[in-house]
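Me: I'd like to learn how to read a protein model feature by feature. Could you walk me through one?

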Amino acid sequence: MIAEVIINRTAKKLNRTFDYQIPTNLDGIIFVGSKVLVPFGKSGKLEEAFVVGLKEKSNYKNEIKEIAKLEEQLKDEQIALATWMAKRYFCNISDCIKLMLTPGTRTQNREKRIQDKTINCVYLKKEVEEIEWDLAIGKIKSEKQKKIIEFVKDNEGVTIPEIEMMTDTSRAIVNTLRKNGYLEIIEQKMERNPLDRKDVEKIKNTEKVEKHKLTEEQEIAYQEIAQKMEERSYQSFLLYGITGSGKTEVYLQLIEKAWEKKRTAILLVPEISLTPQMLDRFIARFGKEEIAVLHSKLSMGERHDEWERIRKRKAKIVIGARSAIFAPMEEIGIIIIDEEHDNSYKSEANPRYDAKEVAKKIAKQNNCPLVLGSATPDLRTYYWAKQEEKKENQMLLLTKRANQSSLPKVQIVDLKQELINGNHSMLSMDLYTAIEKNLKEKRQTILFLNRRGYSTFIMCRNCGYTVKCKNCNISMTYHSYEKKLKCHYCGYEENLVTICPACHSDKIRYFGTGTQKLEQEIQKQFPMAKTIRMDIDTVTKKNSHEYILDRFKNEALDILIGTQMVVKGHHFPNVTLVGVMAADSSLNMDDYRANERTFQILTQVAGRAGREKLEGKVIIQCYNPENFTIQCAKEQNYEKFYETEITLRKQLKYPPFCDIIVVNFNSLSETEIRRCK
């Protein structure tokens, strides 16, 4: 039998199949999807390869080399998915296959691969009766040795550190008993489970374990999706629900239904939404043994062991970021993508795939529904859901908050007027007063500064004018080394502006205030307030994300300052005030989706306030209060924003009315690049 293999290399000339003979000892156990080692090239060096086809004969006339070793087995569906991805995203099949391999085994250097984590466990080596006889006749005289033997007899499989701690003895005494034949130390594999440190009982005391009674809207959405689960048929749903409408409870009950049907579930969330609070809700409902978690903050060893737990069917529910869609799940009953509008579902590294498209393909392979959930859907998703003739996504609506609480009141503050009034602080007078009131009433506050505000752009502080491309109507970016303004879409550039073309003011400024500066300002104006900051600089250490959020919730800190990390997936009952700093800074991104992303983030951040019985308030500070995006966010009116933005997209021929393709040319020589034109 001949195997057609793809060599695990990125070179384009190797993006084809090579024929190898399947040796007798591997006949019948190598299938499509096998990862194997094969001798390749003149040197005969062993290379990783993936079997993508089997056939009886080869058309190759010379001698065919044999496969050297079988390493790992993928499923036919995974190979089919990789083949589809390679065509869809113009990349090597091997690059796509690697996404589906166990983490830690995807490296060519075999010495650096993740090894099993082991632990030394202590057991009795002699029979209990024999040991008791030796104790009775005084053969074992040391009291500490007797203490260890008694402890191990009742706790076989205990570790040496546990023996030392519980018996107040030393490792040397354990070794003496081992030398004398009473104990044996066996090396055992230990799974690195990121949820091990979770206290399930504590979680169950703080999170509601039982199912919530669904509202009428939730019940309709649940039944529509559950029907497709019963039929075992594919259908894509857009679950469009306002913040606090109870989308997560619908997810929980759908996953529970899949569980009852002996099927598995995948829940994708943006990396920054994979919060401890969200995980705790699932642990409280299903227990931590049934859940596997996959995200970038895990060590390679933890990712390796979680993948293996999934592959061995020990975990029935996978919760993770983008790459979790490739987890080796079988019998998938439902795939859910929360915050489906989030841009992190698109990979910026090779292969540049869209996890939503991949999820759709996998859902079709498994004949299961795909649920796309959001309070602010991607305009393209929403557009296709509204097309009656196509019905690519079936729309399901949640228009009310699940706990009957009202949406927060939103106030817009004009920062231009603040400057006229002589206030040069980062805080408007209204926001300052609101924070002061919250501190007196022992309520909590979240202050949000858009992470993307660090990108330098130019704005007139007198009238709010920003320089935009005359061709694309997109904010231009300042390049300091050339002192030029450039459009990153069409390449148009112009000289640096020093006088505002609109009002002729010289109050032209470069914007890029960060969260650290905001924190210093808050500490200066409210020295008694207990503050904490959450941004890329403060969450570098493992579990620091969870540590910050736990402190804010459990230590009753007054003010949480942060970037987009603070606006998604959090439920703090005592947060009654949200302040948004320079809300229109994100309108000045060099991206046609700037309006959409600004609306999404403002709506999401506003949803953090007043989620329980307490009334919530949101103060949006901006330089362009009349901007339609800001106004729609104030009204929490997605439909109004959609109608305005989709009309603009149609006029300018932006997606969904076209496809945008970016072609990059890279070379060490500028001359070579120019030849590509």
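Predicted model: local features only at pLDDT ≥ 70, side-chain atom pairs only at ≥ 80, totals over all residues.

Me: Let's start with the overall picture. How many helices and strands does the chain have?

Reply: There are 21 helices and 26 strands in the chain. The chain has 677 residues, and buried ones make up 52% of them. For contacts with a sequence separation of 6 or more, 74% link residues 24 or more positions apart.

Me: How do I read a pair of packed helices?

Reply: Two numbers describe such a pair: the angle between the axes and the distance between them. Take helix 1 (residues 76–88) and helix 12 (residues 355–365): their axes come within 11 Å and cross at roughly 145°. The crossing of helix 1 and helix 12 is right-handed.

Me: Which residues make the contact?

Reply: Helix 1 contributes Glu 77, Ala 80, Leu 81, Trp 84, Met 85 and Arg 88, while helix 12 brings Glu 357, Val 358, Lys 361, Ile 362 and Gln 365. Sorted by class, this contact has 6 nonpolar, 1 polar and 4 charged residues.

Me: And what about nonpolar cores?

Reply: In soluble globular proteins, nonpolar side chains tend to be buried together. Here the largest nonpolar core has 86 residues, and those touching the most other members are Met 85, Val 318, Ile 325, Phe 326, Ile 335 and Val 358.

Me: What does Ile 335 touch, not counting residues up to four places away in sequence?

Reply: Ile 335 touches Ile 266, Ile 325, Ala 359, Ile 362, Ala 363, Cys 368, Pro 369, Leu 370 and Val 371. Apart from this core lies another one of 31 residues, among them Leu 252, Ile 255, Val 269 and Ile 291.

Me: Next, the cysteines. How many disulfides does the structure hold?

Reply: A disulfide is a covalent bond between the sulfur atoms of two cysteines. This structure holds 0 of them.

Me: Can we finish with single residues? Is Ala 49 buried or exposed?

Reply: Ala 49 is buried, with a relative accessible area of 0%. Its place is in strand 4 (residues 45–55). Beyond four places in sequence, Ala 49 touches Val 5, Ile 6, Ile 7, Asn 8, Ser 34, Lys 35, Val 36 and Val 38. Leu 37 is 12 residues from Ala 49 in sequence, and their C-alpha atoms are 6.0 Å apart.

Me: Where is Gln 604 found?

Reply: Gln 604 is in helix 18 (residues 594–606). Gln 604 is buried, at 2% relative accessible area. Leaving aside neighbours within four places in sequence, Gln 604 is in contact with Thr 243, Glu 339, His 341, Ala 375, Thr 376 and Val 567.

Me: And where is Asn 624 found?

Reply: Asn 624 is in the loop between strand 26 (617–622) and helix 19 (628–635). With a relative accessible area of 16%, Asn 624 is buried, because the cut-off for buried is under 20%. Cys 463 returns here: apart from neighbours within four places in sequence, Asn 624 contacts Met 459, Cys 463, Gly 464, Asp 584 and Ile 630.

How values were computed
Residues numbered from 1 in each chain as written. Heavy atoms only, no water. Disulfide = S-S within 2.5 Å. Axes fitted to C-alpha atoms, helices over the stretch in contact; angles between N-to-C directions. Helix = DSSP H or I, 4+ residues; strand = E, 2+ residues; numbered from the N terminus. Left-handed = near helix turned anticlockwise from the far one by under 90°. Contact = heavy atoms within 4.5 Å. Nonpolar A, V, L, I, M, F, W, Y, C, P; charged D, E, K, R; others polar. Core = buried A, V, L, I, M, F, W, Y, C linked by side-chain atoms within 4.5 Å. Buried < 20%, exposed > 50% of the residue type's maximum accessible area, 1.4 Å probe, protein only.
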